[in-house]
Structure formats: structure tokens, C-alpha cells
Amino acid sequence: MFNRRRFLAGAGVALGIPTGIHAQSADPSPTPIPIRIQTPDLAFADALKGSLVRWSDANAIDDLRLSIVPAEPASDSLLNDARKGIERFSGAFVPNWTIPDLVRDHFILPAPPTLAPLPLAIAQLRSFGGGWFATDLDHDCDLLYFRQDQLDSAAFEPAETWNRLLEQAEEFGDLGMGGVGIPTTHAQQVVDHFTAMAASVVLGSDPPSPFWFEPDSMAPAIASADHQR
């Protein structure tokens, strides 16, 4: 039997929608209904294509398809499909924030907890209402950056607690100097992922390399040896 629970994103969620081959007794050669797994059009989609082909061959699944949809409406597309009973998708790779909706509407069932211990913050994202609903597929990686020149101009030290960071953000706002900015699109988040991976290499050197621009010429530093490494 096809185990749809293996296909969740951020973990895998399996929709409680029957799928398989439906035949009428008068039809000696029924047409298989494709098993479609939805995924956003993110970087891992190409790797999934190869993995699903190998998985299909190993499990004798004749018509397993990967439906690649735009990342931004992917969650709404999946929920709309499940709530209206359209049955286009048998499972999906989904962002964690859709798990509460899928659980409340009884579209997914609890999964066995992960065998490896996870940080509490990650475990909270993978669970809901006391149940474990997601496999541990990947984690976002982000860093917090601050403008030293703005901290100096406001006579602030770098915040050492979240409460102090929020206080400083409010004070910066009162001074008309902005506050805390976060990514609002997947494209912006990709930049966060790159900087999170690059920071330990570029800023960890001695002396540290410029991260964004050469301070004298303002030439982009992206082509530096440290960034390339």
C-alpha cells in the first residue's frame, strides 16, 4: 500500500483522501488514477523528482507524479483541494504553518515522533495539540544582523536578550531609524539562507572580510574568495 504519510514538507503530511486504482466491473482494463504529490517550486523540487522515480520503482507504484506549484499559493491550493474534495493531491510537502489547518480539518493524522532529539523550538513547529505531525525534513537557517553605526548613534550596546532587542527596535522606531526587518517572500528568505551559511566563513576569518561591500569602493563583495569558498 502507498504510504502517503512519508510525503510531508518541512515534514510530510498525508491527506485523508482515498487514492489508488478505481475500476468498474464492466471495464477489463481500468485506467490507473495518478498519485500526485504536491510540492512548492523551491530548490529541493528537482531532487524530489529523482527520489520519487526511485521510490516508485522500488515500491511498484506505476503512476506517481510530482505536481510542482508556485511556492506562494501552494498552501491555499492544498487546503482548497482537500476542503472541496477535488482530490488532485494524495499528499504534499507543506510549510509548517499549514499543519494546524490540516489537523483541525482532520486531513492528516499523527505520525510517530522523531527518533533523534530536536531543539524545543523545532519540535514545536513539527507538532500540534500534543501530537507529532511532521517528519524532520529540513530547517530554516537565519541570522540576526545589526547596524553598529546605528547602535553607536543611539548609544546602545548590542542586545543580549530578545526583550532588549524588542525595546531597542521600538526606540529606533521612535527615533525614525527603522527597527527589525524580516523576509516577507521566499526570494528574500533565500538571501537569508545564503548569508547564514556564508557568515561563518566570511566573518570568521582574521581579519574578517567585508560581507556586503568593499568599504572604500562600495564594490559588491559577493565575488570575494571567502564568499566563493
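**Confidence first**

User: What is the average pLDDT, and how many residues score at least 70?
Analyst: This is a predicted model. The protein averages a pLDDT of 76, and 81% of the residues score at least 70.

User: Where does pLDDT stay under 50?
Analyst: Over residues 1–14, where the model has 70 contacts beyond four places in sequence. Residues 16–26 also have a pLDDT below 50, with 17 contacts beyond near neighbours in sequence. Where pLDDT is low, the predicted coordinates should not be read in detail.

User: OK, strands. Do β2 and β3 pair in the parallel or antiparallel sense?
Analyst: Parallel: β2 (residues 35–40) and β3 (residues 64–69) pair over six bridges. The chain gets from β2 to β3 through helix α1 (residues 45–58), and this β-α-β crossover is right-handed.

User: And which residue in β3 is the bridge partner of Q38?
Analyst: S67.

User: New topic. How many salt bridges are there?
Analyst: The count comes to nine. One of them joins the side chains of R83 and D105, at 2.7 Å from N to O.

User: What does the R83 and D105 pair tie together?
Analyst: R83 lies in helix α2 (residues 74–83) and D105 in the loop between α3 (99–104) and α4 (120–125), so the pair ties together parts that are 22 residues apart in sequence.

User: Last one: which residues make the nonpolar surface patch?
Analyst: V191, W212, F213 and M218 make a patch of about 420 Å².

User: Where is M218 found?
Analyst: In the loop between α7 (186–202) and α8 (225–228).

Terms used:
Residues numbered from 1 in each chain as written. Predicted model: local features only at pLDDT ≥ 70, side-chain atom pairs only at ≥ 80, totals over all residues. Heavy atoms only, no water. Patch = residues over 30% accessible without salt bridge, like charges linked within 9 Å, V, L, I, M, F, W, Y side chains within 5 Å. Areas by Shrake-Rupley, 256 points an atom, 1.4 Å probe, with all protein chains shown as cover. Salt bridge = Lys/Arg side-chain N within 4 Å of Asp/Glu carboxyl O. Helix = DSSP H or I, 4+ residues; strand = E, 2+ residues; numbered from the N terminus. Pairing = 2+ DSSP bridges. Right-handed = clockwise from strand over helix to strand, strands pointing away. pLDDT = per-residue confidence, 0-100. Contact = heavy atoms within 4.5 Å.
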